[in-house]
Amino acid sequence: MVTSSLQSRPAKVKKRMAQDRQPEEPPKTVVKDGKMENEIIQVKHLNFYYGPSQALFDVSMSIPEKRVTALIGPSGCGKSTFIRVLNRMNDIIDNTRVEGKIIINGKDIYQPGTDVVTLRKNVGMVFQKSNPFPKSVYDNVAYGPRLHGLKDRRKLDEVVHRSLERSALWSEVKDRLSDSAMDLSGGQQQRLCVARALAVNPNILLMDEPASALDPRSTTKIEDLIGELRAEYTIVIVTHNMQQAARVSDYTGFFYEGRLIEFNETRKIFTNPDHKQTEDYITGRFG
Amino acid sequence: MKKSLITIVGAACLTAVMGLSPVFAGDTLQVKGSDTLVHLSSSWAEKFMEKKPASEVAITGGGSGTGISALLNGTADLANASRKMKDLEKDKIKSQGFEPVEFIVAKDGIGVIVHPSNPINQLNMNQIKQIFTGQVNNWKKYGGPKAKILLYTRDSSSGTFAFFQKRVLKEKDYSVRARRLASNSAIVESVSKDVNAIGYVGLGYVAEAGDRVKALKVREGDGPAVSPTQETVKNDTYPISRGLQVYSKGQPKGLAKEFVDYMLSAEGQQIVNDRGFVAVQ
Amino acid sequence: MTKKQLSDLVVKYLFQIAASMTVLIVALIFLFLFKESIPFVRDLGLGALFDVRWEPVSYVKERFGIYPLFLGSLSVTFLATIIAIPFGVIGAVYISEIATPLEREIFKPFVELLAGIPSVVLGFFGMVVLAPIVKAVFHLSSGLNALTGALLLALMAIPTIISISEDALKSVPMSYKQASLALGANKLETIWRVTVPAALSGIIAAIMLGMGRVIGETMTVLMVTGNAPIPTLNPFESVRTMTATIAAEMGEVAFGSVHYSSLFWVGIILLIATFILNMIAQRVLKNYKRRPHG
């Protein structure tokens, strides 16, 4: 049983892992253009439960560094649950349980004694619905750095400036830093959330359907932003918009009913998938 | 819930109608006023109604002023008062074409009480006056311990407050530092807890408090020191005593007259003694 | 006119009448207060209210200075609010954010119970239990003072502050908390940096309502503040509040006298004080809503 406490680690997981030491089957390695990618996240035999019901079944995959990985699949297929496992956001839900291993930067993040604060600093997250705090634009971006102890006003100014530039928002808000974030447009709010996540200097950015609530123009801006960020960050994006996945990602994983059906280069998935289910979904036969 | 609300509203309407409408006044006698008298009056009413089952006597408290104003605007037939009617109030009744009629129905003594551990047993009227006006604020002055005197009085609304002010303070103001409590019981309670306290309460409360407080003997000038008891109040040797009165607008008639007669009867006066007050006859 | 239009019109008027009732009643109360307070101005003049002493029953000189009563209400209300705020707000945070469902089930009925205790009972408790404690702890001659009153009033304000603040905290969207946690904040940091600031307007409203309850409370202060009209802000002195004055004196005062009329002035001042308090509260809320906080 997983409690809602952030620091505690489910006792059951330990037990389960001790029992079932499965043969270490190497996760599928990703090779692009014949070149081995550097795998920053490795997921091994992941099972996930909400109380008695299992949401993820034996998911194994490796996510390459500084690439954009898209996760697609019909509603309820487990893709959102999956990315919330990557920064332990599911810890805040009562009665959840994790089995298997998730190794990020060489460390199993469900190992007892894992510092969730450091993990989440390293693995930023942007949510489906933009959720800026009811504070000023400046205070929103400065929230993370302040939390982690940065007090010097000049350095804060710099972080805020840099984060807003990187999220392509600076030119629009530079004169409105002290305005409430709630006064920004929907698209601006979502980019502000990206800036807020970037301000703590993560390596990995998780995006849970970041454009699903936005109009087409704002969506384009978010997609452009992802394009610019890919050089510096590892991005994992959940989307139900297949065109978007095709446009922005290097790799794509297809989830169906809690299982990772297929994971490969985006180009391959969209042109010549190995599995029939993937093909059916991509061609719009269901989902 | 809803039903009880309806009942309450209904009862409230009924009360309002009964209060306002003269139709009911014939069967029901409304007596309103002093809180000091409310228990005594209720006892009277209870016994009175036993003897005369067809009649109904309703007793309400609220204060002497409330009773007199109820008498004025006709919502009460008799007013209980622990103070004498003021000239202003008398004039108002006269302006309605009635004579205010006063009946002294009982007597009450006011005991001056201190904490049982206080070494002082008696004071004269002038010393009590100096204490309550704040001129003397330390027990040492009267041979007690070196400690500040803690004053408790009734609130200025109380008939007892006004009476004590007139009789003992000789119409001077109370000390502003005197704590003013809402009831006799509150004064007993507080004096029993504070070693340096002094206060005053009605005779009935002195008896009831027993050993929790000590009632001082009081001297008038160079006269003898007298304890407050029913006996000393009745024979007027205890200096701080007063009449409790019932007022009516013009000579009482019908049920009101019968009730007043009952209060003053031997049986009625026995009830006075039983309730800790002092009979007038 | 069709039947439907007619019924629409009837309903509209019915609603209008219902809504106007409150306005009418408030207006009538004002009218009544002013009517009854006029004799005072006629006989003594308004200036008599600015006397520094309240001595309405006197053979020397009747004095009707509302100043000591005003100070009494002010100090008791202020103290009670200061005492109630930390307990109320922390209690609300605990119940809404930290407590497990079981703990919540245990705590909430007690908060509701505290809110439901009749003020006379609290006053009685204050007189018999709390006052001797206050007296002993601070080495005072008597425990009947402003502080004891304020402590009891704080007890009355705390449930109001807790339940309204808790509603405000609960209505803070989960997404704010998620965003904060995702940035590496722990639970406590999230509560103090995001949840409480986001609910601040509700919390301020809760405090103001708590103050409203305190300033209007009569029975408790009547029983434990000692009621001596000393013009002071010292919490260890006895004070007499405006509400207690009205409650204690209205019963015995001669109908239509100057004293009677002066009590209506106390009522008017009390009404104006609560009115100003409300206006300040509204202003604070409005400012808060307009200006983002961090």
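Helices (H or I, at least four residues) and strands (E, at least two) are DSSP runs, numbered from the N terminus. By that scheme, Ile29(C) belongs to helix H1 (residues 3-43) of chain C. This is a predicted model, in which local features need pLDDT of at least 70 and side-chain atom pairs count only at pLDDT 80 or more, while totals for chains, interfaces and linings use all residues. Residues are numbered from 1 along each chain as its sequence is written, chains are lettered from A, and side-chain values use heavy atoms, without hydrogens and water.

Ile29(C) is partly exposed, at 43% relative accessibility; buried means under 20% relative accessible area, exposed over 50%, and partly exposed in between (1.4 Å probe, protein chains only). Ile106(C), in helix H3 (residues 101-116) of chain C, is also partly exposed, with a relative accessible area of 45%. Ile106(C) and Ile95(C) are 11 residues apart in sequence, with 10.0 Å between their C-alpha atoms.

Next come the salt bridges, each a side-chain nitrogen of Lys or Arg within 4 Å of a carboxyl oxygen of Asp or Glu. Over all chains, the structure holds 37 of them. In one, the side chains of Lys51(B) and Glu267(B) meet at 2.8 Å, N to O. Lys51(B) lies in helix H2 (residues 38-51) of chain B and Glu267(B) in helix H11 (residues 266-274) of chain B, so this pair ties together parts that are 216 residues apart in sequence. Lys51(B) is exposed, with a relative accessible area of 55%, whereas Glu267(B) is partly exposed at 34%.

Another salt bridge links the side chains of Arg240(C) and Asp155(B) (2.6 Å, N to O). Arg240(C) sits in the loop between helix H9 (219-224) and helix H10 (242-250) of chain C, and Asp155(B) in the loop between strand S6 (150-154) and H6 of chain B, so the pair joins two chains. Arg240(C) is buried, with a relative accessible area of 0%, and Asp155(B) is buried at 2%.

Within chain B, the side chains of Glu189(B) and Lys193(B) form a salt bridge of 2.4 Å, N to O. Both residues are in helix H7 (residues 184-193) of chain B, four residues apart, about one turn of the helix. Glu189(B) is buried, with a relative accessible area of 15%, while Lys193(B) is partly exposed at 33%. In chain A, salt bridges that share partners join Glu172(A), Arg191(A) and Lys221(A) into one network.
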